Structures are given as structure tokens and as C-alpha cells.
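Morning, everyone. I will walk through one structure today, starting with the overall layout and then going region by region. Please have the model open while I talk.

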Amino acid sequence: MSAVTAPVRRASGGVNMKLVNRIVIYGLLALFALFYLMPLFVMLVTSFKTMDEIQNGNMLALPQSPTLEPWFKAWGETCVGLTCAGIKGYFWNSIKMVVPAVLISTMMGALNGYVLTKWRFRGHTLVFGLMLFACFIPFQSVLLPMATILGSLGRFGVSLQNSVGTSFGLGNPTVNLVFVHVVYGLGFTTLFFRNYYEAFPTELVKAAQVDGASFFQIFRRIMLPNSMPIFVVTVIYQFTNIWNDFLFASAYAGTGDAMPMTVALNNVVNTSTGVVEYNVNMAAAMIAALPTLIVYVVAGRYFVRGLMAGAVKG
Amino acid sequence: MAFLEIDGLKKRFGNVEILKGINVELEKGGFLVLVGPSGCGKSTLLNTIAGLEQITEGEIRVDGRAINDLHPSKRDIAMVFQSYALYPNMTVAGNISFGMEMRGVPAAERQAAIDKVAKVLQIGHLLQRKPSQLSGGQRQRVAMGRALVRDPKLFLFDEPLSNLDAKLRVDMRIEIKRLHATTGTTIVYVTHDQIEAMTLATKIAVMRDGEVQQFGTPAEIYNNPTNLFVADFMGSPAMNLIPATIATSGNALSVVLQREAREPISLPMANAPAGLSAFQGKPIIFGVRPEALTDPEGAERNASNIATADLHIEVVEPAGSDTFAVTNLGGKGVVARLRADANIQPGTNTPLAFNLTKAVFFDPATENRIL
């Protein structure tokens with residue numbers, strides 16, 4: 001506002017001040033952008049260099065003879081612990097764990113939000129309050145209790161295996177991680193969907209009831225098709241969190257074949273045998289970061305739009 | 001036996017009684033309007049008929065069958081909502097046929113029904129559009145189409161015109177009335193607009209604080225309001241409700257109204273209603289509609305009881321079709337309705353005629369009609 005009214009008084013000094021302000025603002029922005037982008041830049045250039053170049057050259061220099069060799073090595077040959085078959089297996093481990101965990105927690109969050117706003121029951125605020133509380137629990141504090149529960153589930157799986165012939169995946173580390181991430185993601189997904197559905201016109205639900213739609217028909221035909229923005233927000237949020245999670249991954253699937261990407265990357269970098277292959281490490285780290293980057297780039301504009309939706313309505 | 005019967009209906013939320021014993025009946029093909037200020041319970045009453053709210057006590061019968069424990073979809077009703085409540089993700093055709101789809105009607109039959117309704121409401125060219133691409137009036141039509149297509153026993157309208165602009169509202173009002181006349185359906189309609197109530201209804205229920213204040217035909221409600229609330233709420237401009245006293249002059253009764261800075265005026269009541277003499281010397285409320293207070297030339301010729309008095313005109317409002325003059329009686333502004341070309345100036349004293357056959361009297365203590 002002051003920019004509009006002030007120049008009338010100090011027209012002469014105004015132009016210079018404005019220019020200085022601009023320079024300071026853009027200068028600071030450029031500086032911080034540089035600061036934040038530097039590590040990414042170093043990672044990227046290092047991953048395309050040969051080991052000779054890394055050992056003899058400047059860290060910030062562009063690769064003299066760019067090579068994709070480190071990327072292929074990271075993907076298919078590098079040693080994770082004692083096995084040397086690259087990180088590709090662990091990449092798929094993460095995908096197999098993240099996709100079901102994201103979808104299940106998002107759908108359950110949507111269902112919770114739907115019930116908490118459109119099918120209110122006695123004590124719904126208390127239930128929502130408790131679910132919200134789940135967002136504030138430090139995950140370190142639940143590591144041991146959760147390990148106990150997963151252990152019991154595993155033993156139950158074994159006895160199921162013996163009596164029925166199948167364990168239904170109980171005790172499988174990937175299933176365990178999906179379970180853990182669904183449980184601890186529910187607080188956030190419920191919060192997102194409840195707040196979105198709070199502003200969702202209840203008359204639509206009533207109209208559908210009069211039209212004869214059932215509880216789940218209303219959810220599937222009316223609520224979900226009109227939830228795209230918050231759906232995208234929740235998927236991005238959950239995908240990033242679960243993909244990047246290291247704590248649960250290392251605690252419940254830290255060894256063996258089901259190890260997710262984050263743990264595998266840590267093992268690649270921490271290998272103590274032989275020379276440290278920085279270019280391979282960097283390539284592996286880039287591969288590990290790629291899915292979340294892609295999700296942001298593809299759905300990022302929905303992310304911003306979704307966070308704004310409801311704030312200024314219509 | 002009436003087609004729609006609401007019998008001793010009560011609705012409580014916790015300790016708060018929202019509806020305090022509603023009794024209403026409507027014949028088949030009737031048009032019932034529930035009217036009242038916001039918070040009077042009219043929308044809640046409609047929702048209980050629809051089954052979107054459970055009732056605490058009483059019974060709702062349609063065509064002799066109690067429906068108050070049935071799921072909304074089993075009640076054979078259709079509802080038009082205030083916000084239209086069109087499903088934003090479906091086309092107009094999808095919106096209209098959603099109910100049939102839920103009831104498992106085959107696709108060919110659905111298409112035939114859509115086409116029929118689209119023809120009646122002239123929305124054939126809109127069928128493939130999404131609700132966001134429609135104007136307010138078109139959305140209103142689609143919402144009505146969604147109700148019409150079900151061919152239900154009972155139509156429920158929840159303030160369907162309140163989101164439209166003034167001109168469109170009048171058009172749609174006429175359209176609803178025409179639709180009612182041609183299809184002969186039974187309608188329950190909620191509004192806070194007393195003009196809509198008067199023009200559309202065959203029966204009006206005026207509600208306040210969860211109670212029906214008066215239930216009757218529009219003419220009954222307008223001409224014979226049972227209490228001050230109904231008298232004040234129905235009619236625009238509102239009925240003049242003037243504090244007055246009853247006096248005897250000779251063997252006839254007269255109504256005495258206070259004027260500002262002048263001697264009171266006394267209106268002789270020929271053929272005064274019998275109960276009025278009991279109120280001699282006591283304060284009463286004298287009610288007269290603006291059209292029953294007019295210039296002597298414009299007064300109804302065959303009215304049996306007309307009294308003329310000289311009144312000080314404070315404000316003149318020419319409204320085109322009529323001219324309204326505001327004066328002051330008994331400490332209150334009083335509106336008179338004159339012919340459009342009436343020659344009247346503010347600040348002058350002008351004789352105006354009271355049509356006392358149309359006058360009503362209320363007891364200020366109970367707020368009820370005296371006779």
C-alpha cells in the first residue's frame with residue numbers, strides 16, 4: 001500500500017531507494033538459492049565424473065569427460081554390505097513398500113475425514129483430537145513398543161502358516177513397514193481430509209442420500225471425485241515422508257533382502273572396504289532422491305493449489 | 001384423510017426443543033408453504049419429512065403410510081436444495097439420472113426419463129455440460145429436473161429461489177407454479193419470503209420458535225391473522241399495528257388513536273364486533289393493512305364501514321404502481337397505500353379513509369387476536 005501512496009511526497013529520492021531495495025532483495029534471494037543449490041550441484045557433477053577427475057580436480061568443476069558409468073555401477077554393481085548387485089533391488093523394495101503404504105493411508109484418511117465431517121457421531125471431536133495427537137508423537141518413542149507389536153504379529157503369522165498354510169504376509173518386513181507407515185500416516189491424512197471435507201457442502205451428501213446412494217456409494221461417487229486437490233497433496237506428503245524414512249526402515253527392515261532404499265544407500269556410503277567411490281555414492285544418492293523429485297515436479301502445482309484450496313473459497 | 005399428515009411432531013437436540021409439536025395436513029396435489037424467520041425450525045421440519053433428520057416424537061404419514069422411520073430413499077420423496085446440491089463431477093444428465101442409477105434402473109429407461117424431463121424444463125441442450133458451466137437459473141432447472149425425474153409422491157423444496165437475483169426469482173416462481181398446475185404434484189416448500197408464500201401456496205403454515213403460529217389458506221392468513229406475529233410477518237409493506245384504546249360515544253364504540261401534537265382521532269365503529277366492548281378503556285392494538293388506509297376517493301366503494309380522518313403526512317414514497325404515505329399514529333409510523341396518481345404532499349394535513357371492515361384487533365398482553 002505504501003508504495004502507492006508514498007511517492008507523492010518524496011518523488012526524487014523514491015526511485016533510487018526502490019532500486020537499492022530491489023538489488024538487496026534479489027541479491028539475497030540469489031545468494032540463498034546458490035547456497036541451497038550448491039550441494040545438489042556438487043552431487044550432480046560428481047556423479048558424472050571419473051574417479052581420477054574427482055581425486056585430482058576441483059569439487060565444483062564441471063566434468064571433463066562426462067560418463068554415465070557411476071550411474072550404471074550404482075544401479076547394478078555396487079556393494080551394499082556384502083552383496084554386490086547394486087541398489088536396484090532395494091529401489092524396488094522401497095517402491096513395493098511406499099506405493100501400498102501411500103495408497104492405504106490416503107484412502108483411510110479420506111474415509112476418516114468423510115466420517116468425521118458427514119457422519120458425525122457422539123464424541124467425534126475427541127476421536128479427531130486423538131488422531132491429531134498422532135501427528136505430534138515423536139517416532140523414536142514408539143520404536144520399541146512397535147517392535148514388540150510387530151514381533152507378536154510375526155509369531156501370529158508363523159502359527160497361521162503352520163495351521164492354515166499361509167501367513168497373510170504377517171512377519172514379512174515389507175508388510176511390517178507398510179503397516180507402520182499406515183498407522184503413523186493416518187493422523188496426517190485424516191487431518192488433511194477432515195479439513196477439506198469440513199468445507200465440502202453437506203447438501204451434496206443429503207441429496208445423494210435422497211437419491212438412494214449408500215454410505216460407500218456416496219464416498220466413491222460423490223466425495224472422492226471431488227477431492228482431487230487434497231488427494232494430490234496427501235499423496236505427495238505421504239510419498240515423500242515414507243520414501244525418505246530412515247528410522248523405521250533401519251529399525252524394522254535394517255538387514256536382509258527387504259531393506260528399503262534409504263537404508264541401502266546408507267550401507268553403500270558406509271562400506272569400509274576398498275576406495276570410497278564418491279561418484280558412485282553420488283549417483284546412488286541421486287537415484288534415491290529421484291522418485292520424490294519426480295512426484296514434486298509432476299504434481300507440485302496441485303500441491304500449492306491444494307494447500308490454498310479452502311483458504312479463499314470461490 | 002389427508003395425503004400428508006404431520007401429527008404431534010417434536011424434535012429435540014439434547015435438551016433444546018427445536019420443533020414443539022407440529023400438526024399440519026395437506027391434501028393430494030396441494031402446495032404447502034412453511035414460512036417464518038430464520039431459526040424458526042422450518043428447514044428442520046422439511047428435513048424430518050425428507051428423513052435427513054430423525055424425529056423425537058410424533059408421526060409423519062404420506063398417503064396413509066407412516067414414513068418417519070424409513071430411510072430417505074425409501075420415502076418416495078424428491079428434494080430441491082437451497083444450494084441446488086448438483087454433483088460437480090457429473091454432467092447434467094448424470095445428475096438427473098443418479099437416483100435412478102442407484103435404484104438399478106436400466107440405462108435405456110434412464111435415457112428416456114432424462115429426455116422427457118429435459119423437454120419439460122427445456123434443458124435438452126445442457127445435458128452434456130457440467131454444473132460449473134451453467135448459470136444460476138439453469139442450475140435451478142437441473143435441480144428441479146433431478147427431483148421431477150423420480151416422479152415421487154411428495155416434492156420438498158428448501159428455499160430454492162433464495163440464491164437467484166430478483167428478476168429471475170419472479171420468473172422461476174411463476175415456473176414452479178405452472179409446474180405444480182400442470183403436473184398436479186404435492187409440494188412442501190420452505191421459504192422466508194412471505195411473497196413466495198402468498199403467491200405459491202394453497203396452504204401456509206407460519207412458524208416461529210418451533211411452533212406453527214397459524215395454518216390456513218393464503219387468504220385466511222392475510223385477512224385473519226391469529227396473532228400479532230402473523231399479522232406483522234405476512235404482507236409487504238407490513239400491517240400497521242397501532243396502539244389504541246376503545247371508547248364509547250353514545251351507544252356506539254369507537255377506536256381512539258393518539259396523534260402527535262394534536263387531539264386524538266376517534267374512529268366510530270358501526271356494527272362493532274361483540275367482544276370489543278369488554279376492552280373499553282383498556283389498551284389494544286389496532287391493525288389495519290396499508291391498502292385499507294387510503295385516500296377517500298380510492299377507498300373501496302361497497303365497504304360498509306369507512307371512517308375518514310385528517311392525518312399529518314410525514315413522508316411520501318412514490319413506488320410507481322402505488323404511492324405510499326407515512327404518517328404517525330399512537331407513536332408509530334403508519335403506512336397508507338394510495339393510488340399512483342394521488343395528489344399528496346409531505347408536510348400537509350390530508351384526509352385519509354380507514355376501511356374498518358378490514359380492521360383487526362389484538363390484545364397487547366397476549367399478542368392474540370381479540371376477535
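Chain B contains eight helices and 20 strands. Keep in mind throughout that this is a predicted model. Along its principal axes, the C-alpha atoms of chain B fill a box of roughly 80 × 45 × 35 Å. Chain B has 371 residues, and 39% of them count as buried. If you take the contacts in chain B between residues at least 6 apart in sequence, 65% join residues at least 24 apart.

Let us begin with a sheet. In chain B, four strands form an open sheet, and their order is β2-β1-β4-β5, with antiparallel pairing. Which strands stand at the edges? They are β2 (16-26) and β5 (65-66) of chain B; each has a single partner strand, so one side of each is left without a neighbour in the sheet. As a general point, strands of a sheet pair through backbone hydrogen bonds, either parallel or antiparallel.

Now look at one pair in that sheet. Strand β1 of chain B, residues 4-13, is joined to β2(B) by eight bridges, and the two run antiparallel. Within this pair, B:Lys10 is opposite B:Lys20 of β2(B). Packed on the sheet is helix α1 of chain B, residues 42-50, which touches β1, β2 and β4 (57-62) of chain B. The direction of α1 makes about 65 degrees with that of β2(B).

Next, the contact between the two chains. How many residues does each chain bring to it? Chain B gives 17 residues and chain A gives 14 residues. On the side of chain B that touches chain A, β6 (77-80) and α2 (92-102) of chain B each supply at least two residues. By type, the residues on that side of chain B are twelve nonpolar, four polar and one charged.

Leaving aside neighbours within four places in sequence, B:Met79 is in contact with A:Ala207 and A:Val210 from chain A, and with B:Ala50, B:Ala147, B:Leu156 and B:Asp158 from chain B. B:Met79 also belongs to the largest nonpolar core, which has 159 residues. The members that touch the most others there are A:Ile87, B:Leu32, B:Val33, B:Leu34, B:Met79, B:Leu156 and B:Phe286. Which helix gives the most to this core? It is α8 of chain A, residues 173-198, with 13 residues.

While we are on chain A, consider helix α7, residues 143-163. This helix of chain A has 21 residues and reaches 30 Å from its first C-alpha to its last, close to the 30 Å expected at 1.5 Å a residue. Just after α7(A) comes A:Gly165, with a positive phi of about 105 degrees.

Back in chain B, some backbone details. B:Ala85, in the loop between β6 and α2 of chain B, has a phi near 50 degrees, which is positive in a residue other than glycine. Is B:Ala85 buried or exposed? It has 26 C-beta neighbours inside 10 Å, and a residue with 20 or more counts as buried, so B:Ala85 is buried. B:Glu367 also has a positive phi, near 65 degrees, and is found in the segment after β20 (360-362) of chain B. With 15 other C-beta atoms within 10 Å, B:Glu367 is partly exposed.

There is also a cis peptide bond, joining B:Ser236 and B:Pro237, with omega about -5 degrees. B:Pro237 is in the loop between α8 (228-233) and β11 (240-249) of chain B.

In chain B, β12 (residues 252-259) and β13 (residues 262-269) pair in the antiparallel sense over six bridges. B:Val256 has B:Ser266 of β13(B) as its bridge partner. The hairpin of β12(B) and β13(B) has two residues between the strands, and there B:Ala261 takes a positive phi near 60 degrees.

Two bridges join it to β15 (residues 293-294) of chain B, antiparallel, with B:Thr294 bridged to B:Ala353. Strand β16 (residues 306-318) of chain B is joined to β19(B) by seven bridges, again antiparallel, and B:Ile306 is the bridge partner of B:Asn355.

Last, B:Ala181 in helix α5 (residues 166-183) of chain B. B:Ala181 counts as exposed, with 10 C-beta neighbours inside 10 Å. B:Ala181 and B:Phe31 are 150 residues apart along the chain, and their C-alpha atoms are separated by 10.0 Å.

Key: Residues are numbered from 1 along each chain as its sequence is written. Chains are lettered from A and ligands numbered from 1 in the order in which they are written. This is a predicted model: local features need pLDDT of at least 70, side-chain atom pairs count only at pLDDT 80 or more; totals for chains, interfaces and linings use all residues. Two residues are in contact if their C-beta atoms, placed from the backbone, lie within 7 Å. Ala, Val, Leu, Ile, Met, Phe, Trp, Tyr, Cys and Pro count as nonpolar, Asp, Glu, Lys and Arg as charged, and the others, Gly among them, as polar. Two strands pair if DSSP finds at least two bridges between them. Axes are lines fitted to C-alpha atoms, for helices over the stretch in contact, and angles run from 0 to 180 degrees between N-to-C directions. The expected span of a helix is 1.5 Å times one less than its number of residues. A nonpolar core is a set of buried Ala, Val, Leu, Ile, Met, Phe, Trp, Tyr and Cys residues joined through C-beta atoms within 7 Å. A residue is buried if 20 or more other C-beta atoms lie within 10 Å of its own, exposed if 12 or fewer, and partly exposed in between; C-beta atoms are placed from the backbone.
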